[in-house]
Amino acid sequence: MNENYQSWINANYPTTEKAYGKCAEATETMINKFPELRRVAGFYYDSLWGEREHWWCVTQDGLTVDPTTMQFPSR
């Protein structure tokens, strides 16, 4: 992952508690900081929780950048 993206995520959503339930907010904030990213809405399947609604970002190359991945037990 791009070092700038990871640094931003580490500074803003470093723990489960900070990330939990913040995916819509986090992705909106992240695309404002990094306009080359695109927001995506969909579902994430966690091996412990099952299917959950979720937001994440995608790079121009199609790579996933998930600022709140820490909220999921399976990460």
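**Cysteines, helices, strands and core**

Author: The structure holds zero disulfides. Cys 23 is in no disulfide, and the nearest cysteine sulfur, that of Cys 57, is 10 Å away. The model is a predicted one.

Reader: Are the two cysteines buried or exposed?

Author: Cys 23 has a relative accessible area of 10% and is buried. Cys 57 is buried too, with a relative accessible area of 0%. The cut-off for buried is under 20%.

Reader: How many helices and strands does the chain have, and in what order do they run?

Author: There are three helices and three strands. From the N terminus on, the order is α-α-α-β-β-β. The radius of gyration is 12 Å, close to the 11 Å that the globule rule gives for 75 residues, so the chain is as compact as a globular protein of that length. Along the principal axes, the C-alpha atoms fill a box of roughly 30 × 25 × 20 Å.

Reader: What share of the residues counts as buried, and what share of the contacts joins residues at least 24 apart?

Author: Of the 75 residues, 33% count as buried. For the contacts, take those between residues at least 6 apart in sequence: 48% of them join residues at least 24 apart.

Reader: Now a helix. Which residues of α3 are buried?

Author: An α-helix has 3.6 residues a turn, so residues three or four places apart point the same way. In helix α3, residues 23-33, the buried residues are Cys 23, Ala 26, Thr 27 and Met 30. They cover an arc of only 95° around the axis, which puts them on the same side of α3.

Reader: What do the buried residues of α3 pack against?

Author: Their partners are the helices α1 (3-12) and α2 (16-19), together with the strands β1 (38-46), β2 (50-58) and β3 (64-65).

Reader: Which residues make up the largest nonpolar core?

Author: That core has eleven residues: Tyr 5, Trp 8, Ile 9, Tyr 13, Ala 19, Ala 26, Met 30, Phe 34, Leu 37, Cys 57 and Val 65. The elements that give two or more residues to this core are α1 and α3. The most comes from α1, with three residues.

Reader: What does Trp 8 touch?

Author: Not counting residues up to four places away in sequence, Trp 8 touches Tyr 13, Ala 26, Thr 29, Met 30, Lys 33, Phe 34 and Pro 67.

Reader: Where is Phe 34, and what does Phe 34 touch?

Author: Phe 34 lies in the loop between α3 and β1. With a relative accessible area of 10%, Phe 34 is buried. Beyond four places in sequence, Phe 34 touches Asn 4, Tyr 5 and Trp 8.

Reader: On to the strands. How many bridges join β1 to β2, and how many join β2 to β3?

Author: In general, the side chains of a regular strand alternate between the two faces of the sheet. Here β1 and β2 run antiparallel and are joined by nine bridges. A hairpin of three residues connects them, and Asp 46 has Gly 50 in β2 as its bridge partner. Two bridges join β2 to β3, which also run antiparallel. Cys 57 has Val 65 in β3 as its bridge partner.

Reader: Which residue takes a positive phi in the hairpin of β2 and β3?

Author: Gly 62 does, with a phi near 85°, in a hairpin that has five residues between the strands.

Reader: Is Thr 59 buried or exposed, and what is in contact with Thr 59?

Author: Thr 59 is in the loop between β2 and β3. At 15% relative accessibility, Thr 59 counts as buried. Apart from neighbours within four places in sequence, Thr 59 is in contact with Tyr 5, Leu 37 and Val 65.

Conventions
Residues are numbered from 1 along each chain as its sequence is written. This is a predicted model: local features need pLDDT of at least 70, side-chain atom pairs count only at pLDDT 80 or more; totals for chains, interfaces and linings use all residues. Side-chain values use heavy atoms; hydrogens and water are left out. Buried means under 20% relative accessible area, exposed over 50%, partly exposed in between (1.4 Å probe, protein chains only). Helices (H or I, at least four residues) and strands (E, at least two) are DSSP runs, numbered from the N terminus. The arc is that of the directions from the helix axis to the C-beta atoms. Contact means heavy atoms within 4.5 Å. A nonpolar core is a set of buried Ala, Val, Leu, Ile, Met, Phe, Trp, Tyr and Cys residues joined through side-chain atoms within 4.5 Å. Two strands pair if DSSP finds at least two bridges between them. A disulfide is a pair of cysteine sulfur atoms within 2.5 Å. The radius of gyration is taken over C-alpha atoms; the globule rule is 2.2 Å times the number of residues to the power 0.38.
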